[in-house]
Amino acid sequence: MQGDDMIEITLDDRALRAALDRLRSRVEDTGPAMHDIGQTLMERARRRFATSTGPDGQAWEPNAPATIAAYLGRYGGSYKKDGSLSKRGAARAAGKKPLIGESKQLQNIHYAAGRDWAEVGSSRIYAAIHQLGGQAGRGKSVTIPARPFLPVTQDGQWIGADDRAAILDILSRWIEGRPL
């Protein structure tokens, strides 16, 4: 429309402008949401040790017989004189979850976050072999199965729909101004 046919309407809504200003300031520093995302992913990674499942919900492979034998060898009373398992040893073997004896691994899962990023990881040198699997030991003669506890695959892709949903929920609450 041109000339006199044009109608101009100006909306001067201070409440709307204030709300948009608040949203703009929140988007400029997503730090609080990033801290919540980091903490949530760290807690979820730690929980995977108790459930023996990866971020995709898949159960971890059970311990190898040699791992069980080494574990039981640390405890007296696990074997009978004839070399067979005692009742106590059988109970210990049945209850031995993968990586549960790795308390240092569990304690060293941490997160860091900034204005627009969050990361979760472990400072333990053997964390990668547990996450990704591979060859280990003398001469790389032992195959360690992948038991992923962090929310990423080898190629850096998300593998857990639950982790993705948790992040989206945190971001939605943050954008809407609801408590994190």
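A: Start with contact, which means heavy atoms within 4.5 Å. Helices (H or I, at least four residues) and strands (E, at least two) are DSSP runs, numbered from the N terminus. This is a predicted model, where local features need pLDDT of at least 70, side-chain atom pairs count only at pLDDT 80 or more, and totals for chains, interfaces and linings use all residues. Residues are numbered from 1 along each chain as its sequence is written, and side-chain values use heavy atoms, with hydrogens and water left out.

Q: Which residues of α2 and α7 meet?

A: From α2 come Pro 32, Ala 33, Met 34, Asp 36, Ile 37, Thr 40, Leu 41, Arg 44 and Arg 48. Facing them in α7 are Asp 162, Asp 163, Ala 166, Ile 167, Ile 170, Leu 171, Arg 173 and Trp 174. By class, this contact has 10 nonpolar, one polar and six charged residues. Ala, Val, Leu, Ile, Met, Phe, Trp, Tyr, Cys and Pro count as nonpolar, Asp, Glu, Lys and Arg as charged, and the others, Gly among them, as polar.

Q: At what angle do α2 and α7 pack?

A: Axes are lines fitted to C-alpha atoms, for helices over the stretch in contact, and angles run from 0 to 180 degrees between N-to-C directions. Helix α2 (residues 31-51) and helix α7 (residues 161-176) pack at about 155°, with axes 10 Å apart. α2 is therefore roughly antiparallel to α7. Angles under 35 degrees count as roughly parallel, over 145 as roughly antiparallel, 65 to 115 as roughly perpendicular and the rest as oblique.

Q: How do α3 and α4 cross?

A: The axes of α3 (residues 65-73) and α4 (residues 87-95) come within 10 Å and cross at roughly 130°. The two are therefore oblique to each other. Ile 68, Tyr 71 and Leu 72 of α3 make the contact with Gly 89, Arg 92 and Ala 93 of α4.

Q: Where is confidence lowest, and where highest?

A: pLDDT is the predictor's confidence in each residue, from 0 to 100. The protein chain has a mean of 82, and 88% of its residues reach 70 or more. Helix α5 (residues 103-107) is lowest, at a mean of 62, and strand β1 (residues 109-113) highest, at 94.

Q: What about phi?

A: Most residues other than glycine have a negative phi. Ser 52, in the loop between α2 and α3, has a positive phi of about 55°. Lys 140, in the loop between β3 (134-136) and β4 (142-144), also has a positive phi of about 55°.

Q: Is each buried or exposed?

A: Buried means under 20% relative accessible area, exposed over 50%, partly exposed in between (1.4 Å probe, protein chains only). Ser 52 is buried, at 10%. Lys 140 is exposed, at 54%.
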